[in-house]
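Please open the model in your viewer and keep the selection tool at hand. The stops below each name what to select next and then describe what is there.

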Amino acid sequence: MGASPPHAPRGAVTLSLCFLIALLEGFDIQAIGVAAPLLIPALGLTPGQAGVVFGAGMAGLVCGALAGGWMADRMGRKPLLMTAVGVFGLFTLATLVAGGPLSLGLFRFFAGVGMGAAMPSLVAVALEIAPPDRRTRTTTLMFSGMPVGGALAALFAAGLMGRFGWHSIFLAGGVLPLLLLPVMAWLMPDSRAAAAGGAQRPGSAQALFGDGRLLVTLLAWFTFGMTLLVLYLLLNWLPSLVAAKGLGGSGGAGAAFGFNVGSVVGCWAIGVLVDRLGPRLPIIAAYPALGLSLFGLAMADTLLPVIALAGLAGFFLLGAQYSLYGVIPLYYPAPARGLATGASIAAGRLGSIGGPLVAGHLLGQGWGPAGVAMAMVPVVLSAGMAVALMTIRGRYAGD
């Protein structure tokens, strides 16, 4: 009992640092989307090439999540997180010298590797420091840093990018993670709790599919894939889609800002509801509500409704997604939660690769912004059906 007081501030410092990492990742992910209206013509990219570039970043996230999930159960969180932050900071800076789709796609791929590697460790840290009755809200609080970072990127684009050019947002997005590294080295404690249990760690296949977890694992992967397909389509293409409605670059930045602000509120609100009511009702209800928001966004053609509906889409989409980050690991044994989280995130990233590519293809075929948004409604509803079955059939594993 006497050791507990120091743990609370230590946990708060760790959570704050993880929030900042998530914030910087959110800034970097959103940067490519809000820079797109200037970056695409500056580099002479076609819609198809832009989709490939956006997809390259998502491919890096897949590789990083798989590697980071495996390493999260075998090494301390601190060295893994510091390496990941350094990688995505350096390759975001490298974007400044990109001269065409090949170099830009390569730099976005390796930035994605760094971002993807960090995410399973962030989930593991949240589960380690949170009381059992506050796990979901702690996870969503930490990951709400991502839409906060996205909102800051949108504000940066609206206020500064027109004056200093598209390069400026990647300069900020690369320097800030590198400045965080010495703070992490000084303040962040290491954690080897997961690694210490290595002797009892089940094999990968057994951890993911054994003891009746096959259906839950497959449903989790499908849900993450469909949800992240929609999420990264919106993160990468929302400003351009809104600009194509005739609302201009500032309208696109406003919609991105509304989406991210709504996401922050949704993270906190749905996370609290999941801790109080369990995951079934709050997460299941979020998906049809998201489908209605996307339908309204497709129909809206004036600025205020577009911003409001983008905010609602962010509320339900990120609220459900980040709550799942706190729920999914609890279906698996504690020594394998990093692996399970990384595998689910990686499966989701396959969907995130598809999102930008689908948008680029649909726009190239002349669908227009309304058509792209409408095409996402059945995707959202299929994810909602999968998450309903998963939360009904799944059972939490013990700690």
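**A glutamine to start from**

Begin by selecting Q321, which counts as buried because its relative accessibility is 0%. Bear in mind throughout that this is a predicted model. Q321 is found in helix α12, which covers residues 303-327, and, leaving aside residues up to four places away in sequence, Q321 touches F224, T227 and L228.

Because F27 lies in helix α1 (residues 4-43) and F156 in helix α6 (residues 145-164), the pair ties together parts that are 129 residues apart in sequence. Both F27 and F156 are buried. Moving on to F315 and F316, you will find another edge-to-face pair, with 5.0 Å from centre to centre and 75 degrees between the planes; F315 counts as partly exposed, at 21% relative accessibility.

**Helix α7**

Now select residues 167-187, the 21 residues of helix α7, which reaches 31 Å from its first C-alpha to its last, close to the 30 Å expected at 1.5 Å a residue. Among the buried residues of α7 are G173, G174, P177 and M184.

**Cysteines**

Which cysteine sulfur is closest to that of C267? It is the sulfur of C18, at 15 Å, which is too far for a bond. C267 is buried, with a relative accessible area of 0%, whereas C63 is partly exposed at 40%. The structure holds zero disulfides.

Note on methods: Residues numbered from 1 in each chain as written. Predicted model: local features only at pLDDT ≥ 70, side-chain atom pairs only at ≥ 80, totals over all residues. Heavy atoms only, no water. Helix = DSSP H or I, 4+ residues; strand = E, 2+ residues; numbered from the N terminus. Buried < 20%, exposed > 50% of the residue type's maximum accessible area, 1.4 Å probe, protein only. Contact = heavy atoms within 4.5 Å. Expected span 1.5 Å × (residues − 1). Disulfide = S-S within 2.5 Å. Phe/Tyr/Trp six-rings, centres within 6.5 Å; stacked < 30°, edge-to-face > 60°.
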